[in-house]
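Here are my notes, point by point, for reading next to the model. Have the viewer open as you go.

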Amino acid sequence: MTKYNSKGYISIICLLIGSSVIALSLSIMSLHVNDYYLQQSSFHRVKAQYLAESAFILTMHNLFLWSEDAINTYIDMANDKNKTAPLLEVHLEKHFIQKLSSMENEISKQMKEAFSEYEHEHGFDVSISVSTDRKTLIINVHGYYENARVFLEGRAKMPLIVNEHHKSEEGLDVMIIQALYLESLVQGYPKI
């Protein structure tokens, strides 16, 4: 009878078990690392979303205030018997649309002061453009925090005269002007 040396089999079995334990440990560790980065990415995405929404709300607030001022000056001009009021569109072109680029700078300054405590690279970009028919404002906001990006696009209808010769309850001629309003807000990717 021949005898086999069992010391070689034990070392091979120990090597296989050890490599299995190491492979299992590495896979569990990679799952935890991936989960950590996924949570960080989600956390950064929430902050980017917050930055974009805050910039959009601040932009709309300023647009409402500026359009209200433009409408009030137009109404004052229309009520002044000594002056002839231009068309509302012409008045808005002069007193509202031409100020949009300065509004973008003002919003950037206000937002940078508000979020100075964020530790990672963060920011936003706001651009306001007017459609070709001059009846719609297109507000694009891009918020970012670390590697997360959020894009918002809103469309706001410009103020317009609904009824120029409406009789009030007192029998006076009044003008009804529809104020600036947000028509749509979508979240998506930028247009290239």
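1. Let's begin with the sheet. Strands β1 and β2 pair in the antiparallel sense over nine bridges. Pairing here takes at least two DSSP bridges between two strands, and the strands themselves are DSSP runs (E, at least two residues; helices are H or I, at least four), numbered from the N terminus. Asp 125 stands opposite His 142 in β2. In the β1–β2 hairpin, five residues sit between the strands, and Arg 134 takes a positive phi near 65 degrees.

2. A word on what you're looking at: this is a predicted model, where local features need pLDDT of at least 70 and side-chain atom pairs count only at pLDDT 80 or more, while totals for chains, interfaces and linings use all residues. Residues are numbered from 1 along each chain as its sequence is written, and side-chain values use heavy atoms, with hydrogens and water left out.

3. On to the next pair of strands. β2 (residues 136-145) is joined to β3 by ten bridges, and the two run antiparallel. If you want landmarks, Ile 139 stands opposite Gly 154 in β3, and Val 141 has Leu 152 as its bridge partner in β3. These two strands make a hairpin with two residues between them, and Glu 146 in the turn has a positive phi of about 55 degrees.

4. How much of β2 is buried? Nine of its ten residues are, so β2 is largely enclosed by the rest of the structure. Buried means under 20% relative accessible area, exposed means over 50%, and partly exposed is in between (1.4 Å probe, protein chains only).

5. Then there's β6. It pairs with β3 in the antiparallel sense over seven bridges, and the bridge partner of Phe 151 in β6 is Gly 188. Put together, the order is β1-β2-β3-β6, an open sheet of four strands with antiparallel pairing. The edge strands are β1 (122-130) and β6, each pairing on one side only. From one strand to the next, the twist averages 15 degrees (axes are lines fitted to C-alpha atoms, for helices over the stretch in contact, with angles from 0 to 180 degrees between N-to-C directions).

6. Which side chains make salt bridges? The structure holds two such contacts, each a side-chain nitrogen of Lys or Arg within 4 Å of a carboxyl oxygen of Asp or Glu. One joins Lys 157 and Glu 183 at 3.9 Å, N to O. Lys 157 lies in β3 (residues 148-157) and Glu 183 in β6 (residues 181-188), so this pair ties together parts that are 26 residues apart in sequence. Lys 157 is partly exposed at 23% relative accessibility, and Glu 183 is partly exposed too, at 42%.

7. The other salt bridge is between Arg 155 and Glu 153, at 3.7 Å, N to O. Arg 155 counts as partly exposed at 28% relative accessibility, whereas Glu 153 is buried at 17%.

8. The structure holds one aromatic pair. Tyr 36 and Tyr 37 form it edge-to-face, 5.5 Å centre to centre and with 65 degrees between the planes. For the cut-offs, rings of Phe, Tyr and Trp (its six-membered ring) pair if their centres lie within 6.5 Å; planes under 30 degrees apart are stacked, over 60 edge-to-face, and the rest tilted. Tyr 36 is partly exposed at 46%, and Tyr 37 is exposed at 54%.

9. Both tyrosines also belong to a nonpolar surface patch with Ile 22, Leu 26, Met 29 and Val 33, with about 640 Å² of accessible area together. Patch members have over 30% relative accessible area and no salt bridge; like charges are joined within 9 Å and nonpolar side chains (Val, Leu, Ile, Met, Phe, Trp, Tyr) within 5 Å. The areas come from the Shrake-Rupley method with a 1.4 Å probe, and for residues only the protein chains shown count as cover.
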